[in-house]
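Visitor: I have a structure open and would like to learn how to read it. Where do we begin?

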Amino acid sequence: MPIRQLPEDLINRIAAGEVVERPASVVKELVENAIDAGASRIAITTAGGGQSLIRIEDDGVGMDEADLLLSVERHATSKLADDGLDDIRTLGFRGEALASIGSVAELTISSRRAEDASGLRLAVRHGIKARPVPLAMNRGTIVEVRELFGNVPARRKFLKSERAEAAAITDTVKRLAMANPGVQFVLDGADRTASNWPGHAGEGALRARLGDVLGADFGENAVPLATIRHGMVVTGLAGLPTYTRANSLSQYFFVNGRSVRDKVLVGAIRAAYADFVFRDRFPVVAIFVAVDPADVDVNVHPAKAELRFRDAGAVRGA
Ligand SMILES: Nc1ncnc2c1ncn2[C@@H]1O[C@H](COP(=O)(O)OP(=O)(O)OP(=O)(O)O)[C@@H](O)[C@H]1O
Ligand SMILES: [Mg+2]
């Protein structure tokens, strides 16, 4: 067969396969967008394990018509001022998430900036854009995703039960809430009993949020961390050696506000606790590392769940 250039729509569906693995990936992308938009309140509603409905409402900066139309195009982003990838300070940077989601679902984005008289709603179905229509709304953005993977039966088959997908969404939102204690998070919908975590300010904000999300128990059985070493800031809560779990699911790691899985950090925790906990037990920790964005590559994983440190030794040491 001769080589052919693939059509735009197919390119988007292929990209979506990497970015949007399951409903929780959609929630992650949309909440990250809300955080990047400076929201102080983010409300997340899901039904059917996120497959029938995901709705994310924020009170961030919103978009005007031109931006709204561009937002669902592939490789269109407001977050890279120049063409470098070595100073990323936002959660998004590829301009890929909305285009991907729009290619495998029924997507509507309603948005209004504070300075505009009314908002606009843009609908995209399986990659096809409709003309935006005006609507009355508050400042901010509401993104609704329905019938996720409606046009991708292969992907639908690999989804777990509604319950399991809903649980993955809850876990995703918890991590985002832990990393952003100043933002109010409301999580509700048919998938669960509702949670409402108010935004916290000031010195005890992180501790208060970790208490909201992980339970007051954890706060009482953990010590706060606050160190600066090798140009890195390490904060968070480290559980007492007596407060452990049978697996590592309750070990949370964040780098520059991003929840990550990282061997370096997991290894550092294992080593630090080696003399205090049994080999088959895992301390509960929530560790936040802040490094110069130039010292970490976040562009190594399609869902940005992993990253690469320039100097892993220094990170371990810190
Ligand atoms: N909730 C929102 N509020 C305001 N603007 C938004 C919102 N969501 C998306 N946008 C705008 O749409 C653009 C495209 O969003 P999209 O998530 O597709 O890409 P990105 O965030 O730039 O990069 P990435 O693909 O890495 O997430 C963003 O750069 C931003 O300008
Ligand atoms: Mg994004």
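Visitor: In which sense do strand 1 and strand 8 pair, and over how many bridges?

Guide: First, the ground rules. This is a predicted model: local features need pLDDT of at least 70, side-chain atom pairs count only at pLDDT 80 or more, and totals for chains, interfaces and linings use all residues. Residues are numbered from 1 along each chain as its sequence is written, and side-chain values use heavy atoms, with hydrogens and water left out. Strands are DSSP runs of E, at least two residues long, and helices are runs of H or I, at least four, numbered from the N terminus. Two strands pair if DSSP finds at least two bridges between them. Strand 1 (residues 41–47) and strand 8 (residues 184–188) are parallel, over five bridges. There, I42 stands opposite F185.

Visitor: Which residue is the bridge partner of A43 in strand 2?

Guide: E57. Strand 1 and strand 2 run antiparallel, with six bridges. Five residues lie between them in a hairpin, and G48 in that turn has a positive phi of about 60°.

Visitor: Is strand 1 mostly covered or mostly open?

Guide: Buried means under 20% relative accessible area, exposed over 50%, and partly exposed in between, using a 1.4 Å probe and protein chains only. Six of the seven residues of strand 1 are buried.

Visitor: How much space lies in the largest pocket?

Guide: Rolling a probe the size of a water molecule over the atoms shows where empty space is left. A pocket is an open set of points on a 1 Å grid over the protein atoms alone, where a 1.4 Å probe fits, with protein on both sides within 12 Å along at least five of seven lines; lining residues have an atom within 4 Å of a point. A volume is the space filled by probe spheres set on the points. Here it is about 1,000 Å³. The pocket has 36 lining residues, and D171, R175, S259, R261 and A305 are the closest to its centre.

Visitor: Which element gives the most to that lining?

Guide: Helix 6 (162–179), with eight residues. Strand 13 (251–255) and helix 9 (263–273) are among the others that supply at least two.

Visitor: What about the second largest pocket: how much space lies there, and which residues are nearest its centre?

Guide: About 710 Å³. It has 32 lining residues, with N33, M63, S71, S78 and K79 nearest its centre. Helix 2 gives the most to this lining, five residues.

Key. Chains are lettered from A and ligands numbered from 1 in the order in which they are written.
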